[in-house]
Amino acid sequence: MQNSEVFILAIESSCDDTAAAVLHNDKVLSNVVANQLIHNQYGGVVPELASRAHQQNIVPVIDAALRKANIQKEQLSAIAFTQGPGLMGSLLVGGSFSKSLSLALKIPLIAVNHMHAHILAHFIDEEGYDKPEFPFLALTISGGHTQIVKVNSFFDMEIIGETTDDAVGEAFDKSAKILGLPYPGGPLIDKYAKEGNPKAFQFTKPKVPGLDFSFSGLKTAILYFIQKNKQENPNFIEENLNDICASIQHTIIEILMDKLKLAVKETGIKQIAIGGGVSANSGIRTTLKEAESKYGWKTFIPKFEYTTDNAAMIGIVGYQKYLTQRFEDASVVSKARIQF
């Protein structure tokens with residue numbers, strides 16, 4: 001179903017960011033995100049507050065996306081929305097609005113898996129960014145997910161490794177909380193790590209067979225390490241913050257890279273793409289880029305605005321589904337957990 005004038009309105013509301021984007025085929029015309037700062041005071045996302053904020057933000061955000069794209073809603077070809085996974089209350093706001101708008105405009109409705117979108121964000125037509133060729137390996141890293149996915153085509157993906165407990169983003173945020181840093185702490189660890197010595201402190205890497213990950217043991221080890229050293233020196237964190245952050249980040253990156261190297265060895269695929277909020281981490285991005293010359297890989301690192309939750313990535317999946325007429329009707333339901 002080829003059409004040179006496909007306009008997709010995409011809506012993302014899986015967690016605490018209300019986002020809308022307009023795509024013309026695979027090009028992004030607008031990508032608007034409303035953040036919810038109310039959660040910072042609670043040290044994490046409060047689901048009920050998130051869904052209320054989505055209700056307040058969704059109409060202004062969609063209006064802003066249409067205005068920025070200079071598109072009238074009557075020109076839209078389809079509505080794409082995040083079906084899951086995510087917070088149920090948040091998903092319902094985006095899903096319900098999308099259903100209503102598609103019915104009102106009499107245009108197709110497209111349901112998108114949020115994790116597929118993180119991977120396929122690499123296919124947004126963006127100047128200066130290459131697109132991976134199938135098959136490739138995707139490392140999806142976020143606050144809720146850590147996966148290695150073998151991507152055979154747009155709609156043929158297989159998880160070959162995933163976390164058995166906590167996600168990598170949680171490991172960063174919980175480590176930051178142990179250090180007394182405010183939420184969200186992951187970006188702060190990245191910031192302080194740039195000024196520290198990554199070899200200053202040693203943390204044991206978990207021994208997990210195959211391509212799976214585990215981060216709960218590392219979090220516990222960091223907690224005990226900080227408690228022990230604070231007993232000996234109450235100012236230990238303040239005096240060593242940069243080195244502690246650099247050592248934590250170095251350990252987490254080594255865990256990710258060890259599994260990626262094993263995945264390349266087992267599959268023979270040397271094209272690696274990253275996605276998800278944690279792929280904004282500068283240490284991970286730098287290490288992955290260095291792997292091109294070090295291991296002969298071809299690596300794909302998305303633009304910053306397509307790493308955290310955004311609607312442009314929902315839109316590119318919507319565009320590919322539009323071309324193959326993978327539509328839904330109003331009976332489609334949002335799902336907190338969704339089959340990959």
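Start your tour in the largest nonpolar core of this predicted model: select Leu179, Phe215, Ile252 and Leu256, which touch the most other members among its 45 residues. Now colour the elements that give two or more residues to this core: strand S6 (136-141), H4, H5, helix H6 (216-232), H7, strand S9 (271-275) and H8. H7 gives the most, with 15 residues.

Next, zoom in on Leu179. Leaving aside neighbours within four places in sequence, show its contacts: Ile226, Ile237, Leu241, Ile244, Cys245 and Ile248. Before moving on, take a quick look at another core, which lies apart from the largest one and has 33 residues, including Leu23, Ile110, Leu120 and Ala121.

Now select helix H5, residues 186-193, and show the side chains. Which residues of H5 are buried? They are Gly186, Ile189, Asp190 and Ala193. Turn the view to look down the axis of H5: these buried residues fall within an arc of 100°, so they line one face of the helix. On the face turned away from that buried side you will find Pro187 and Lys191, both exposed.

What do the buried residues of H5 pack against? Bring up helix H4 (168-178), helix H7 (236-267) and helix H8 (282-295) to see these partners.

The crossing in which H5 passes H7 is left-handed. To see where they meet, select Ile189, Asp190, Tyr192 and Ala193 in H5, together with Leu241, Asn242, Cys245, Ala246 and Gln249 in H7.

How values were computed: Residues numbered from 1 in each chain as written. Predicted model: local features only at pLDDT ≥ 70, side-chain atom pairs only at ≥ 80, totals over all residues. Heavy atoms only, no water. Buried < 20%, exposed > 50% of the residue type's maximum accessible area, 1.4 Å probe, protein only. Helix = DSSP H or I, 4+ residues; strand = E, 2+ residues; numbered from the N terminus. Arc of directions from axis to C-beta. Contact = heavy atoms within 4.5 Å. Core = buried A, V, L, I, M, F, W, Y, C linked by side-chain atoms within 4.5 Å. Left-handed = near helix turned anticlockwise from the far one by under 90°.
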